[in-house]
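Work through the exercises below with the model open. Try each task before reading its solution.

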Amino acid sequence: AEALAEIVLAGEPESGEGWFLRGSVALRRDAWNDATAAFDRALRLGANAHETTVAAGMALVGAGDGDGAWERFRGVVEAHPEDDRALDWLVRVGGALERWEALVQVLDGVAARRPESAVVRVALTTARQHLAVAPPG
């Protein structure tokens with residue numbers, strides 16, 4: 001993938017897909033900041049917004065930027081409630097940040113659009129349980 005990214009970017013330095021590939025290579029190498037920068041550039045250059053935003057969120061998790069990851073995953077889940085991978089990441093990040101109220105709000109919207117999904121129902125029930133026992137504030 002690294003060689004392919006370099007070939008694509010050598011021929012077309014403004015290729016969104018080339019920058020997505022470069023970000024994917026950086027992600028696999030745990031080079032979180034390089035991955036995030038590459039994915040952000042890929043987004044600006046027209047790469048697939050859905051997949052690139054999920055990948056950028058994963059890089060932000062690796063970099064320890066929970067707030068940034070939350071925003072990325074929340075946007076993807078709101079736009080693509082069928083994306084269980086993004087939903088899983090949103091629940092993980094939301095739980096780590098203890099954003100139970102915001103997580104319940106997002107999951108309520110997803111549940112309305114996907115009432116048949118056991119994955120969504122379990123995530124929503126879990127978030128509601130945490131919200132019920134979370135200290136105020």
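A charge sits over a ring if NZ of Lys or CZ of Arg is within 6 Å of the ring centre and within 35 degrees of the ring normal. The model is predicted: local features need pLDDT of at least 70, side-chain atom pairs count only at pLDDT 80 or more, and totals for chains, interfaces and linings use all residues. Residues are numbered from 1 along each chain as its sequence is written, and side-chain values use heavy atoms, with hydrogens and water left out.

**Exercise 1. Find the ring over which the charged end of Arg22 sits, then do likewise for Arg92.**

Step 1. Start at Arg22. Its charged end lies over the ring of Trp19, 4.6 Å from the ring centre.

Step 2. Move to Arg92. Here the ring belongs to Trp89, and the distance to its centre is 4.9 Å.

**Exercise 2. Classify the aromatic pairs in the structure.**

Step 1. Set the rule. Rings of Phe, Tyr and Trp (its six-membered ring) pair if their centres lie within 6.5 Å; planes under 30 degrees apart are stacked, over 60 edge-to-face, and the rest tilted.

Step 2. Count. The whole structure holds 2 aromatic pairs.

Step 3. Take Phe20 and Phe39. Their centres are 5.5 Å apart with 50° between the planes, a tilted pair. Phe20 is in helix H2 (residues 16–28) and Phe39 in helix H3 (residues 32–44), 19 residues apart. Helices here are DSSP runs (H or I, at least four residues; strands are E, at least two), numbered from the N terminus.

Step 4. Check burial. Buried means under 20% relative accessible area, exposed over 50%, partly exposed in between (1.4 Å probe, protein chains only). Phe20 counts as buried because its relative accessibility is 19%. Phe39 is buried too, at 0%.

Step 5. Take Phe73 and Trp89. This pair is stacked, at 5.7 Å centre to centre and 15° between the planes. Phe73 belongs to helix H5 (residues 66–79) and Trp89 to helix H6 (residues 84–96), 16 residues apart. Both Phe73 and Trp89 are buried.

**Exercise 3. How do the axes of H7 and H8 cross?**

Step 1. Read the geometry. The axes of H7 (residues 100–113) and H8 (residues 118–133) come within 9 Å and cross at roughly 155°.

Step 2. Name the arrangement. H7 is therefore roughly antiparallel to H8 (under 35 degrees is roughly parallel, over 145 roughly antiparallel, 65 to 115 roughly perpendicular, the rest oblique).

Note on methods. Axes are lines fitted to C-alpha atoms, for helices over the stretch in contact, and angles run from 0 to 180 degrees between N-to-C directions.
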